[in-house]
Amino acid sequence: MPILLHMEDNSFRDLLALRYAGFVGSSSRPRFEFDIELTAPLADDPDEDVRVRMTEGVWRLRRGDFRAQWDPGAGRGKIRQSANPYSIDSVLRIVHTLILAREGGFLLHSAGAIRNGKAFLFSGVSGAGKTTISRLAPPDVTLLTDEVSYIRRDDTGYVACGTPFAGELARVGENCSAPVDCLFFLSQGPENRIETVAEADAIRRVMRNILFFAEDSDLVHRVFQSACEFVERVPVQQLTFVPDSRVWNMIG
């Protein structure tokens, strides 16, 4: 999904090019474009929570550190923020949640990796082990993300895509994708074991970990339907593991 970013500040452009290395390319037809205006830190309310609303066909996004708007019909938007990469990260994530919600996909708070041509997702509350299991991955595993998994729906099922949004591992995922084979909910324990998760519980836990911020009842309903359809088609299991590399003997 090509995105074109316009900015006048060359140093900030270079910062983003380095941050998104592996995902920077060229396209004659970007899916959407953003004009970025760098400002002094916004002082209205630095702790303001994110708000995402549509007004007159335009999405308006705001948080303590940015103000943005995006017209999905025109494929253009504007972002006002200070010269830090975390604000643009957040804007891009939010815009992708809006696009994916209409296409049957979503962003999931989880690590993701490819092994033997299949993608595996590892989700859970903070501290459950997403970064740990990513760090323990053997050399034949391709890391997609240790923070936010990008899930797209296609004609055959679901595909997990790499993202440039790094978590605690501070390592950008690979720009590749693979069909989703299984979603594991993580917990650490005294032994490695895998258990089946009941469908209703799986739906609740998937919904709890989907990133979505828009105040829009139609899109919220679509996201719920996407979670239900995902659980119907993708195995969801509980993975309890000892934090060492032997856990990967059970995966892939």
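Which residue is the bridge partner of Glu33 in S6? In this predicted model, local features need pLDDT of at least 70 and side-chain atom pairs count only at pLDDT 80 or more, whereas totals for chains, interfaces and linings use all residues. Residues are numbered from 1 along each chain as its sequence is written, and side-chain values use heavy atoms, with hydrogens and water left out.

Glu33 belongs to strand S2, which covers residues 32–38; strands (E, at least two residues) are here DSSP runs, numbered from the N terminus, as are helices (H or I, at least four residues). The bridge partner of Glu33 in S6 is Arg76, and S2 pairs with strand S6 (residues 76–81) in the parallel sense over six bridges, where two strands are said to pair if DSSP finds at least two bridges between them. Strand S1 (residues 3–6) also pairs with S2 in the parallel sense, over four bridges, and His6 stands opposite Asp35 in S2.

With a relative accessible area of 19%, Glu33 is buried, a term that means under 20% relative accessible area, while exposed means over 50% and partly exposed lies in between (1.4 Å probe, protein chains only). When residues up to four places away in sequence are not counted, Glu33 is in contact (heavy atoms within 4.5 Å) with Leu4, His6, Gly75, Arg76 and Gly77.

Asp146 is placed in the loop between strand S9 (142–145) and strand S10 (148–153), and Asp146 is buried, its relative accessible area being 1%. The C-alpha atom of Asp146 is separated by 21 Å from that of Ala202, the two residues being 56 residues apart along the chain.
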